[in-house]
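Let's take a walk through the salt bridges of this model, pair by pair. Have the structure open and follow along.

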Amino acid sequence: MSFNLVILERQDAIGKITLNRPERLNALCRPLLQELRGALEALAEDRSVRAVVLTGEGRGFCAGQDLSEPALHEGAGIDEEVALSLDRYYHPVLLAIADMEKPVIAQVQGVAAGAGCNLALACDIVVAGESATFLQAFTRIGLVPDCGGSWILPRLVGSARAKALMLLAEEVPASEAERIGLIYRCLPDGELAAGAQALAQRLAQGPTKAYGLIKQALKESGAEGYGAQLDLERDLQKQAAASGDFREGITAFAAKRPPRFSGS
Ligand code: LHQ
């Protein structure tokens, strides 16, 4: 597989994947998600790689779903397209991270919004620069959290905070994210890359098998299972994507104006 929308690098025992659409704040389109899945699978299979870093090129980590993707603008069937995107393009990426038998570190600079926020939180350890922000952007466009958000957020920060984050869609600065346990560590911007690299180096020298087993144990600690929750999120997202408010949200975004939600 050749890579254009992600950069795949290997250095010693560390694999690094960089989302590479900086002009769109690394928004996630289907081709990018396919490459991301391919890169994750390549690193999963490479026994010489023992830790993985996921980051973004440019001033943002990832702005979530590419809201200009043609499939979201084709009118009838938009809900089906959203559900299909989750099933076919997002879930394989998230499961590749969850199933990866080595630690994955998210190195977050700038904004991590919507699916981009939950992509970062799906990683095993999240480190962020002090100017980074985490944003459950979904309700801003009339959608519900997907990409494992409803699974991971209550586990990280408790139900009260998780609900507020998801309902209010407010930006959480990295320092606050560290304080409430949303992420592992907030670092000075100038130390982010070196900090993530040092963590990866340490993990790459650690008990890789044990790390894989720890990930398995944590993954199976939920009552219904991660896959079932992803399926549930898909079904709910399909309903949200059929709403008038989603249509308004995406139209307002394109017109660069605040949305006027009607509750429809
Ligand atoms: C973008 C995006 C973007 C395209 C910035 N798309 N271009 C949904 C449906 C289907 C399946 C799966 O799951 C999902 C879940 C989701 O992810 S829904 C949530 C989608 N994401 C958002 O709603 C966030 C939208 N973006 C924003 O609110 C802002 O751009 C943030 C707060 C992220 C950053 O704001 P700024 O730092 O002020 O940057 P900007 O808005 O000026 O963006 C820079 C450029 O990137 C700009 O393009 P332009 O041509 O004007 O320079 C944006 O249009 C573009 N961009 N996000 N998601």
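Start in helix α6 (residues 174-179), where Arg179 and Glu176 sit three residues apart, about one turn of the helix; helices here are DSSP runs of H or I with at least four residues, strands are runs of E with at least two, and both are numbered from the N terminus. Arg179 and Glu176 form a salt bridge, with their closest N and O atoms 3.1 Å apart; the term means a side-chain nitrogen of Lys or Arg within 4 Å of a carboxyl oxygen of Asp or Glu. Arg179 is exposed at 57% relative accessible area, while Glu176 is partly exposed at 28% (buried is under 20%, exposed over 50%, partly exposed in between, with a 1.4 Å probe and protein chains only).

A word on the source: this is a predicted model, in which local features need pLDDT of at least 70 and side-chain atom pairs count only at pLDDT 80 or more, whereas totals for chains, interfaces and linings use all residues. Residues are numbered from 1 along each chain as its sequence is written, and side-chain values use heavy atoms, leaving out hydrogens and water.

Next, turn to helix α9 (residues 226-241), where Arg234 and Asp231 are about one helical turn apart because three residues separate them. Their salt bridge has its closest N and O atoms 3.4 Å apart. Arg234 is buried at 17%, and Asp231 is partly exposed at 35%. Both belong to a network of salt bridges that also links Asp87 and Asp235.

Finally, Asp46 and Arg10 meet in a salt bridge at 2.7 Å, N to O. This pair links distant parts of the chain, 36 residues apart: Asp46 lies in the loop between α1 (30-45) and β3 (51-56), and Arg10 in strand β1 (residues 6-11).
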